[in-house]
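Open the model in your viewer and keep the sequence panel beside it. The tour below goes from one selection to the next.

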Amino acid sequence: MSESLRAVPVAKDVWWVGAIDWGLADFHGYATGRGTTYNAYLVVDEKIALIDTVKAPFADEMLARIASVVPPGDIDYIISNHSEMDHSGALPHAVEVIKPEKVFASAMGQKTLFEHFGSGIEVTPVNDNETLPLGSRRLRFIETRLLHWPESMMDILLPEGILFSQDGFGLHLASGARFADELDADVLHYEGAKYFANILLPYSPVVLKLLERVRTEGLEFSMIAPDHGPVWRRDVGTMPARYATWAAQRPTAKVVITYETMWQSTAAMAGAIADGAAAESVNVEVLPLSVRHRSDVMTELLCAGALVVGSPTMFNHMHPAVADFLTYASGLRPKNLVGAAFGSYGWSGEGARDIQKQLVDMKLGVLGEPVVCRYVPNAETLARSRELGTLVAKRVRERSEVAAIGDAAGA
Ligand code: FEO
């Protein structure tokens, strides 16, 4: 174990003992160009608890940080809030080294950890709202099923009110800084949105339910300590407020256009659509899939009003880059969007029709028939593309105005 790796105090007798993955570029299909952290926390009281672990290759880094505070063998409890392997991969090794009195997880977590690691780890299930005394303090477990796995839970350290929120309120960002107030606010906003759009979006109703529970039960947090990215010790309401907005998925006056092109025909149509939309004074983002990652497109789509997708026809299908994006996007289940399809073709023309079908399957409010062109767009095709942009822009503006009136009425 490295002597140079130190734990970082995040509160009195609470330590960050996680790992920094500076080189992570891809998190199962989500581009993580700024790397990430796997956060684990040590709570030192009469009983010592380790909350979550790290990805397997970082087990020794975590144990070295723990050893800078207490001998790892002194840990009494390990809490597994989330079984996904970026937080449980090091658990078998940690259990072997630490030999804890107990490992706790939700009832579903007990089952999931068994399915990952077999019978070598004995897990004690805990229920929603159950508390674990540590001495002068206690941990209260909050079940957060499907946020974002069926076994997920969070814990609140009482009486301080420190929320250990596993993936919730997290973001992928490797940094030497451990606290959000030490980092660039715009980067945190973007990476938080990207995390939500690419991990949590399908579970938006569960997010809203959790926020409602926090409100109705009057839960107050002095700090939010997620499993990725920085700890929030100031402006603790920042991420919950953003989650309320992102999970609501209210339509805005923003049009996202994404496409792939072979000989610039579909690209020219995309430009004309963008031009038509921009003339209606809505926000327009054009993201060619040749240069923009699918996860960046999803980030732009968070808080948008329309998704317009274009593809040439290639081997009687849409272009594979567009199929890739739509497969990914449909799994993330964005809501409240207007949709439209467009694209060029040579002789068979399935590309834009494939897109149209998928947008309908995604339950987007699809506008009319796809705008298509044979081989190269002429002036008439570009005019129809521009008209599509105008139509989409007018529709998203109307819908965003209706949503704003609804918000004002509900305020
Ligand atoms: Fe960070 Fe769902 O794992």
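Begin by selecting Pro159, which lies in the loop between strand E14 and strand E15 (162–164). Helices (H or I, at least four residues) and strands (E, at least two) are DSSP runs, numbered from the N terminus. The peptide bond from Leu158 to Pro159 is cis, with omega near 10 degrees.

Before going on, note that this is a predicted model, in which local features need pLDDT of at least 70, side-chain atom pairs count only at pLDDT 80 or more, and totals for chains, interfaces and linings use all residues. Residues are numbered from 1 along each chain as its sequence is written, and side-chain values use heavy atoms, with hydrogens and water left out.

Next select His148, in the loop between E13 and strand E14 (153–158). Here the peptide bond from Leu147 to His148 is cis, with omega near 5 degrees. Most residues other than glycine have a negative phi, and most peptide bonds are trans.

Now go to Phe169, in the loop between E15 and helix H5 (185–200). Phe169 is not a glycine, yet its phi is positive, about 65 degrees. Is Phe169 buried or exposed? Its relative accessibility is 4%, so Phe169 counts as buried. Buried means under 20% relative accessible area, exposed over 50%, and partly exposed in between (1.4 Å probe, protein chains only).

Then select Gln264, in the loop between strand E17 (254–259) and helix H8 (265–278). Gln264 also has a positive phi, about 75 degrees, although it is not a glycine. At 51% relative accessibility, Gln264 counts as exposed.

**Helix H8**

Stay there and select H8, residues 265–278. At 1.5 Å a residue, its 14 residues should span 20 Å, and the end C-alpha atoms are 20 Å apart, so the two values agree. The expected span is 1.5 Å times one less than the number of residues. How many of the 14 residues of H8 are buried? Ten are, and H8 is mostly covered. Among the buried residues are Ser265, Met269, Ile273 and Ala277.

**The five-stranded sheet**

Select strands E12 to E16, which form an open sheet in the order E12-E13-E14-E15-E16, with mixed pairing. Strand E12 (131–133) and strand E16 (223–225) stand at the edges, each with a single partner strand, so one side of each has no neighbour in the sheet. On average, neighbouring strands of this sheet are turned by 20 degrees against each other, direction ignored. Two strands pair if DSSP finds at least two bridges between them. Strands of a sheet pair through backbone hydrogen bonds, either parallel or antiparallel.

Zoom in on E12 and strand E13 (residues 138–143), which pair in the antiparallel sense over three bridges. Thr131 stands opposite Arg140 in E13.

**The whole chain**

Finally, select everything. The chain has twelve helices and 24 strands. Its C-alpha trace spans about 75 × 50 × 35 Å along the principal axes. With 411 residues, a compact globule would have a radius of gyration near 22 Å, and the chain has 24 Å, which agrees. That radius is taken over C-alpha atoms, and the globule rule is 2.2 Å times the number of residues to the power 0.38. Of the 411 residues, 56% count as buried.

Definitions and conventions
Axes are lines fitted to C-alpha atoms, for helices over the stretch in contact, and angles run from 0 to 180 degrees between N-to-C directions.
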